[in-house]
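My notes follow in the order I made them.

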Amino acid sequence: MRFDLVFANWELFAGGVWMTMQLTVLSVLIGFCIALPCGIIRARGIKYANGLVNAYVYVFRGTPLLVQLYLIYYGLAQFDFVKDSFLWPVLREAWWCALITLSLNSGAYATEIIRGALQTTPKGEEEAATALGLTRFKVYALVLLPSALRRALPQYGNEVVFMLHGSAVASIITLQDILGAGRTLNAKFYVAYEGFITAAILYICLTFMLVGLFRLAEGRFLRHLRIDAGDRISPKAIAMR
């Protein structure tokens with residue numbers, strides 16, 4: 001194992017980490033913006049719109065991420081009307097195709113996370129907010145969505161980790177992410193394992209950081225749901241809950 005090659009080419013992996021974090025963070029943010037209205041539509045079962053959202057979710061959850069990336073990066077280029085459109089300067093770039101694919105995929109999974117969180121929200125919360133005279137928009141913005149998103153944190157943490165690992169497909173379309181950096185190192189110096197082992201270690205480190213951040217968020221926003229040993233034997237504490 002020649003890890004001296006890894007240290008000598010640390011800039012290659014630093015660029016890969018930056019590319020991976022760019023794709024992961026941006027795709028999760030864009031996916032959340034897609035999932036928020038889609039999750040509400042699915043939870044409320046809004047006529048017509050619910051069918052469209054359901055089809056979108058079914059397609060992107062029912063097909064592999066790699067196939068989706070191939071269809072967007074290679075497939076769209078086969079249509080002349082796409083090449084002649086104003087979108088072509090974006091769709092011909094590998095980075096944008098990867099970001100679009102990851103964002104749509106993340107949005108589909110996050111839609112179901114938000115839908116499930118909204119549907120399991122106690123009816124009393126909505127009834128209490130409505131009794132106070134809040135409009136439908138304020139009921140969702142101030143009561144239902146904050147409550148649902150807090151409870152969805154563990155599932156959303158899994159989705160973010162999944163997107164971190166899923167971003168590795170970007171190396172297939174020439175992007176130099178962490179896995180792409182490992183492949184480049186192996187090809188350049190004719191080694192078999194050094195690049196891939198280094199990529200695996202970097203993914204583990206990033207995953208550990210993301211899990212830690214979500215654990216902190218859960219400890220902050222889900223503190224009211226924790227019941228420790230002292231609370232279980234305290235009627236007063238149970239009554240306060």
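How many aromatic pairs does a search of the whole structure find? I got seven aromatic pairs. Rings of Phe, Tyr and Trp (its six-membered ring) pair if their centres lie within 6.5 Å; planes under 30 degrees apart count as stacked, over 60 as edge-to-face and the rest as tilted.

Ground rules, noted before going on. This is a predicted model, in which local features need pLDDT of at least 70 and side-chain atom pairs pLDDT 80 or more, while totals for chains, interfaces and linings use all residues. Residues are numbered from 1 along each chain as its sequence is written, and side-chain values use heavy atoms, with hydrogens and water left out.

**Entry: ring pairs**

A pair of aromatic rings is described by the distance of the centres and the angle of the planes. I took Y70 and Y74 to begin with. Their ring centres are 5.6 Å apart and their planes are at 45°, so I logged the pair as tilted. Both residues sit in helix 4 (residues 65-75), four residues apart, about one turn of the helix. Helices (H or I, at least four residues) are DSSP runs, numbered from the N terminus. Y70 is partly exposed at 35% relative accessible area. Y74 is partly exposed as well, at 41%. My cut-offs: buried is under 20% relative accessible area, exposed is over 50%, partly exposed is in between (1.4 Å probe, protein chains only).

Next I checked Y109 and F162. The centres of these rings are 5.6 Å apart and the planes are at 50°, so this pair is tilted. Here the pair links distant parts of the chain: Y109 is in helix 7 (residues 94-119), F162 in helix 10 (residues 153-166), 53 residues apart. Y109 is partly exposed at 25%. F162 is partly exposed at 36%.

I also found one aromatic cluster, made of Y70, Y73 and Y74. R220 lies over the face of F221, 5.4 Å from the ring centre. The test: NZ of Lys or CZ of Arg within 6 Å of the ring centre and within 35 degrees of the ring normal.

**Entry: helix 4**

Which residues are buried in helix 4? I listed L65, Q68, L69, I72 and Y73. They cover an arc of only 115° around the axis, so they are on the same side of helix 4. The arc is that of the directions from the helix axis to the C-beta atoms. An α-helix has 3.6 residues a turn, so residues three or four places apart point the same way. The buried residues of helix 4 pack against helix 3, helix 7 and helix 10. I count a contact when heavy atoms are within 4.5 Å.

**Entry: cores**

I then searched for nonpolar cores (buried Ala, Val, Leu, Ile, Met, Phe, Trp, Tyr and Cys residues joined through side-chain atoms within 4.5 Å). The largest has 45 residues, and L23, A98, L118 and L175 have the most contacts inside it. Two or more residues come from each of helix 2 (10-44), helix 4, helix 7, helix 9 (136-151), helix 10 and helix 12. Helix 7 gives the most, with 11 residues. I followed L23: beyond its neighbours within four places in sequence, L23 is in contact with W95, A98, L99, L102, A170 and L175. Another core lies apart, with seven residues, among them C38, V53, Y56 and V57.

**Entry: T198**

T198 belongs to helix 12 (residues 194-221). T198 is buried, at 9% relative accessible area. Its side chain reaches the backbone oxygen of E194 at 2.7 Å. Leaving out residues up to four places away in sequence, T198 touches F3, V6 and F13.

**Entry: positive phi**

Most residues other than glycine have a negative phi, and most peptide bonds are trans. Where is T174 placed? I found T174 in the loop between helix 10 and helix 11. Phi of T174 is near 80°, a positive value. T174 is exposed, at 64%.

Y190 came next. Phi of Y190 is near 55°, again a positive value in a residue other than glycine. Y190 is in the loop between helix 11 (178-189) and helix 12. Y190 is exposed at 76%.

Key. A polar contact is a pair of N or O atoms within 3.5 Å; within protein, one must be able to donate a hydrogen and the other to accept it, and residues adjacent in sequence count only if both atoms are side-chain atoms.
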